[in-house]
Amino acid sequence: MIVIRLEDLLYSAPLLVLTSSGLLALIAEAAGRDKPVISYYTSLIGVITSLILTFLNLGAGVPVFNNMILQGGYAAYCNLIFLSSALLSIVLSRSYLERMQYHRGEFYVLIVFATAGMMLMAAALDLTIVFLGIELMSICLYVLAGFMRKKELANEAALKYFLLGAFATGFLLYGIALIYGTSGTTNLVVISRSFAQLSGNSLFLIGCGMLIVAFSFKIAAVPFHMWAPDVYEGAPTTVTAFMSTGAKAAAFATFVAVFVRVFDIPGTALSSVLALIAAASMIVGNVTAIAQNNVKRMLAYSSIAHTGYMLSGIAAGNAEGEQGILFYLVAYTFMNIGAFGIVSWVEQQEDRKLKFDDYAGFSARQPAVAVLMSVFMFSLAGIPPFAGFFGKYYVFLAAVKADMTWLAIIGVMTSLVSVYYYLRLVVLMYFCEGESDVAAKVPLAAISAVTLAAVLVILLGIYPSLLVDMTKGFFKI
Amino acid sequence: MTLQSFLFYLLAVISVGSALLMVTRRNPVIAALYLILNFFALGGLYLTLHAQFIAFIQILVYAGAIMVLFLFVIMLLNLGDVKQLTERVSYKKIIAAGLSFALLMEMLYIFVYAPSDLPTSRFEQAATIGTVEYIGKQLYTTFLFPFEVASVLLLAAIVGAVILAKRRLN
Amino acid sequence: MDIQPYLLLSAITFVIGVVGVLARRNAIIVFMSIELMLNSVNLSLVAFSAFLGDVTGQMLVFFVMTVAAAEAAVGLAIIIALFRNKQTVNIDDINILKW
């Protein structure tokens, strides 16, 4: 019996290269003391190589390793999101961590391993891999959240994230156990073939419900969102950027892989449950965000709201929904990581705290950065011609096509609410007087990363078809 | 009553009893010891299901390694002081218990009243699949890839634990 | 013997674990309750595996144990790091941890 074929290794090259670079970075850290820069470059090279290999692998998806994972196609597309998020986070982290005096090579190792976990989540064709991928990502993130271990808030954030994450793991496993018990397999392709018959099975449906609970924890959807604002606030800002983009995208990628690509949910109770969660997330996220005074917390609640928008695509469960989410994830990743990047940058360069008022008069001090921040805010608010607008457009369109017009209406109404708090920051930056500071020196790598994100947000806003066309062939396994 | 069902009910009582005692104890050391008892009972239950390999690693890994780590940390942090361990009872706990009870009732209802949804017994095969040999073979063929993923996961966890808990980093 | 008693037992201990997580305030006991939840799921998995005559369930249990060991290492490290700063493991003493 041939266990591993050569093709398996070739198709999964992005994953293998990335993991190896993590191992190399770890060895480098162990061998060369006090030189985290070596790990920085090793992991950076690993992520970039993996990104290039993924681009070469964008064709049709191929199941590898005994049908355990899918490589290429859908998985490759999602990998692009995770790898870009990892790349930008690594670049932004270096100056941030140096400033905070926590610059250690293990940080990059953990980011790389977490990214490998995300790639497994998106690629999974078996519930075993879904479980292991989620755990690999989460364990790395628990540590990253508490990386600044002398800071009380970071400890608390890590503990909260860990306890709630492990609690969610319990539900994930119970869900997997019930699905396995009723279908007799953990292979998603096999389950998808017998879904019609299984969907009348009450135990199977409870299993799916438990999976929804677990995934909702990971994507921070209401009512399982309570960890998000605290953890986002307590974690190092660049880790928050990584968590709110890469980790969320990964959780969505598995959510879509299981609930849209495998299960045929339109018309079942699962679809209404998801629609309700989506509506609640949009309302709670946007309304609570208004009351925030801390920019990191505001972005946390805004990310809950964005979870709601994207979930409406899953609730719709049609091809448009899947395409919409996949586009939205890319747009959201770039605009959110850009926004968090600037927040981390303000935090380190100006020694300011994270309040809204600290941004008053920002445009006078840092005109270029203020423009970038405004781009991200406009895009998050969903104002055309930025990428965020088309993301919302596609998912709401999918909801309307699936006869969930009410969901699309709630979405549009709550997005209008969101304009208030996003633009409040822009207004503060441009039209309010702040303390006049000397402009700090901008770290070149960090600013180019943020600029790249802004360029992509604008580019995808003008040519959304660049991405949407790529996702056309993905619907269903 | 067959031997299997006798053992099942005996171990089930121990398992539920120790679980209840575990979540209600104030002192974490005692709670940990009840949890270990629960794990031994589970190991016995796995044997009644002919899962020999899993039964033994349950004892070795869970009771032997994981719970020792728990006890070690509890004693390292010196959490035995009973005065510090008082917890308040709030309305939240009552809501939590109520919700959990509702969940339990729903699941029990389905398990009891929807037996047609459950797998039909192929129990005679169970004895062959639970052996170390069969599991080892599967682990290194069909499940080789998840096995490798698990190794990366353990490495990440080791790195993370050292980073967070080591007293002095350079 | 049927599979039902095993699944019922598994559901009961799972819910005891859930109650422990939601109601207890000591972080270590909360964590032990989570371990109890994982173990009760393992019982379901082994039972399904035995009654389906399929090894996948036992494989999953094997991986769950691996993950539980990894989580224990990381989780206890987080608790130690917190204890060094705050001298407490009680969730009520932790500002942002009220849920």
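His50(B) sits in the loop that joins helix H2 (28-48) to helix H3 (52-76) of chain B. Helices here are DSSP runs of H or I with at least four residues, and strands are runs of E with at least two, numbered from the N terminus. This is a predicted model, in which local features need pLDDT of at least 70, side-chain atom pairs count only at pLDDT 80 or more, and totals for chains, interfaces and linings use all residues. Residues are numbered from 1 along each chain as its sequence is written, with chains lettered from A and ligands numbered from 1 in the order in which they are written.

His50(B) is not a glycine, yet its phi is positive, near 65°. His50(B) is buried, because 21 other C-beta atoms lie within 10 Å. The cut-offs are 20 or more other C-beta atoms within 10 Å for buried, 12 or fewer for exposed, and partly exposed in between, with C-beta atoms placed from the backbone.

Gln101(A) also has a positive phi, about 60°, without being a glycine. Its place is the loop between helix H4 (74-100) and helix H5 (105-123) of chain A. Gln101(A) has 9 C-beta neighbours inside 10 Å, so it counts as exposed.

## Cis peptide bonds

The bond from Val222(A) to Pro223(A) is cis, with omega near 5°. Pro223(A) lies in the loop between helix H10 (202-219) and helix H11 (227-234) of chain A.

The bond from Pro384(A) to Pro385(A) is cis, with omega near 10°. Pro385(A) falls in the loop between helix H17 (367-381) and helix H18 (387-401) of chain A.

## Ser33 of chain C

Ser33(C) belongs to helix H2 (27-52) of chain C. Ser33(C) is buried because 28 other C-beta atoms lie within 10 Å. Beyond its neighbours within four places in sequence, Ser33(C) is in contact with Val23(B), Gly17(C), Gly20(C), Val21(C) and Arg24(C). Contact requires C-beta atoms, placed from the backbone, to lie within 7 Å.

## Interfaces of chain C

Chain C has 58 residues in contact with 73 residues of chain B. H1, H2 and H3 of chain C each give two or more residues to this side. H3(C) provides the largest share, 20 residues. By class, the side has 45 nonpolar, nine polar and four charged residues. Nonpolar covers Ala, Val, Leu, Ile, Met, Phe, Trp, Tyr, Cys and Pro; charged covers Asp, Glu, Lys and Arg; the others, Gly among them, are polar.

Notes:
Two residues are in contact if their C-beta atoms, placed from the backbone, lie within 7 Å.
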